[in-house]
Amino acid sequence: MGSWLPSLFAYLVVAAAGMLAHLRQHRALPTQFRPVAGTMAAAMLGMLAGLCIDASRGRLDLLASLCGGGLPLGQSLRWHFGLLVASNAGLVLAGLLPTLRQALAGPASGPRRGAIPSLVCLGFVLAGMNLGMPLLMHAQGLRGGWPGIAAMLLQMQAGMAWGAVAALALLRATARLPAAAPRLANPRG
């Protein structure tokens with residue numbers, strides 16, 4: 001574990017930087033381009049709940065050892081999706097709850113945000129969660145080592161945070177397009 005301490009600290013810094021960048025990007029977006037309030041938090045909680053289910057089946061140790069084994073990115077992603085089924089499903093399902101709650105609350109519930117920005121954000125967060133570990137391992141050039149559960153969780157969190165940042169950057173770029181604002185704010189019309 002001692003040899004992984006610098007890496008754990010690096011993953012923590014990358015995850016924290018992603019969360020700060022996410023907050024900054026979120027504040028810079030026009031309201032109609034922001035995901036429904038609570039989407040990111042719900043997605044993270046859903047992923048953690050799913051992770052508990054996946055962990056109860058003994059999948060986390062296997063995944064961590066496979067990702068530390070220096071597999072090609074495609075194989076690593078296949079294992080990630082295959083071994084963390086509940087984590088992936090929990091992220092998406094829980095992440096959709098704020099949008100569903102807003103839709104059921106009706107027009108008197110306050111300012112409305114579109115479902116499209118929430119779906120874009122969830123898609124990028126899901127991709128980031130699954131890419132976080134393999135990409136950080138490959139970026140460090142680590143092969144043949146077992147990162148452990150703590151490193152794996154920090155890598156997944158970093159991927160989720162930076163996935164959200166990428167989604168918000170895309171939404172911000174879309175907000176600058178003159179024809180996109182009315183369509184994204186009201187996808188029915």
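1. Start with Ala167, which is found in helix 7. This is a predicted model, and the remarks below should be read with that in mind. Ala167 has a relative accessibility of 0%, so the residue counts as buried. Contacts with residues up to four places away in sequence set aside, Ala167 touches Val120, Cys121 and Phe124. Val125 is 42 residues from Ala167 in sequence, yet their C-alpha atoms are 7.9 Å apart.

2. Now take the partner side of that contact. Phe124 sits in helix 6, which spans residues 115-140. With a relative accessible area of 32%, Phe124 is partly exposed; the cut-off for buried is under 20%, and exposed begins over 50%. Beyond its neighbours within four places in sequence, Phe124 is in contact with Gly163, Ala166, Ala167 and Leu170. Phe124 and Leu168 are 44 residues apart in sequence, with 9.3 Å between their C-alpha atoms.

3. Next, the overall layout. The protein chain has eight helices and zero strands. Read from the N terminus, the order of elements is α-α-α-α-α-α-α-α. Of the 189 residues in the protein chain, 42% are buried. Among contacts with a separation of 6 or more, 82% join residues 24 or more positions apart.

4. Several helix pairs deserve a look. Two packed helices are described by the angle between their axes and the distance between the axes. Helix 1 (residues 5-28) packs on helix 7 (residues 148-175) at an angle of about 25°, and their axes lie 8 Å apart. Helix 1 is therefore roughly parallel to helix 7, since angles under 35 degrees count that way. Their crossing is left-handed. The residues in this contact comprise 19 nonpolar, six polar and one charged.

5. Helix 7 also meets helix 2. Here the angle is about 155° and the axes are 12 Å apart. That makes helix 2 roughly antiparallel to helix 7, the cut-off being over 145 degrees. Helix 2 passes helix 7 in a right-handed crossing. Helix 2 contributes Met40, Ala43, Met44, Met47 and Leu51, while helix 7 contributes Leu153, Met156, Gln157, Met160, Ala161 and Ala164. By class, the contact of helix 2 with helix 7 holds ten nonpolar residues, one polar residue and no charged residues.

6. Helix 2 has a further partner in helix 5. Helix 2 covers residues 39-56 and helix 5 covers residues 85-105; the two pack at an angle of about 150°, with their axes 6 Å apart. Helix 2 is thus roughly antiparallel to helix 5. The crossing is right-handed. On the helix 2 side, the contact uses Thr39, Ala42, Ala43, Gly46, Met47, Gly50, Leu51, Ile53 and Asp54. On the helix 5 side are Val85, Ala86, Ser87, Gly90, Leu91, Ala94, Gly95, Pro98 and Thr99. The contact of helix 2 with helix 5 divides into ten nonpolar, seven polar and one charged residues. Gly counts as polar in this scheme, a point to keep in mind for Gly46, Gly50, Gly90 and Gly95.

7. Which residues of helix 4 are buried? In helix 4 (residues 73-83), they are Ser76, Leu77, His80 and Leu83. Seen down the axis of helix 4, these buried residues fall within an arc of 145°, so they line one face of the helix. An α-helix has 3.6 residues a turn, so residues three or four places apart point the same way.

8. One more residue from helix 4. Gly74 is found in this helix. Is Gly74 buried or partly exposed? Its relative accessibility is 43%, so Gly74 counts as partly exposed. Gly74 and Leu131 are 57 residues apart in sequence and 9.9 Å apart in space, C-alpha to C-alpha.

Terms used: Residues are numbered from 1 along each chain as its sequence is written. This is a predicted model: local features need pLDDT of at least 70, side-chain atom pairs count only at pLDDT 80 or more; totals for chains, interfaces and linings use all residues. Side-chain values use heavy atoms; hydrogens and water are left out. Axes are lines fitted to C-alpha atoms, for helices over the stretch in contact, and angles run from 0 to 180 degrees between N-to-C directions. Helices (H or I, at least four residues) and strands (E, at least two) are DSSP runs, numbered from the N terminus. Angles under 35 degrees count as roughly parallel, over 145 as roughly antiparallel, 65 to 115 as roughly perpendicular and the rest as oblique. A crossing is left-handed if the near helix is turned anticlockwise from the far one by less than a right angle, and right-handed if clockwise. Contact means heavy atoms within 4.5 Å. Buried means under 20% relative accessible area, exposed over 50%, partly exposed in between (1.4 Å probe, protein chains only). The arc is that of the directions from the helix axis to the C-beta atoms.
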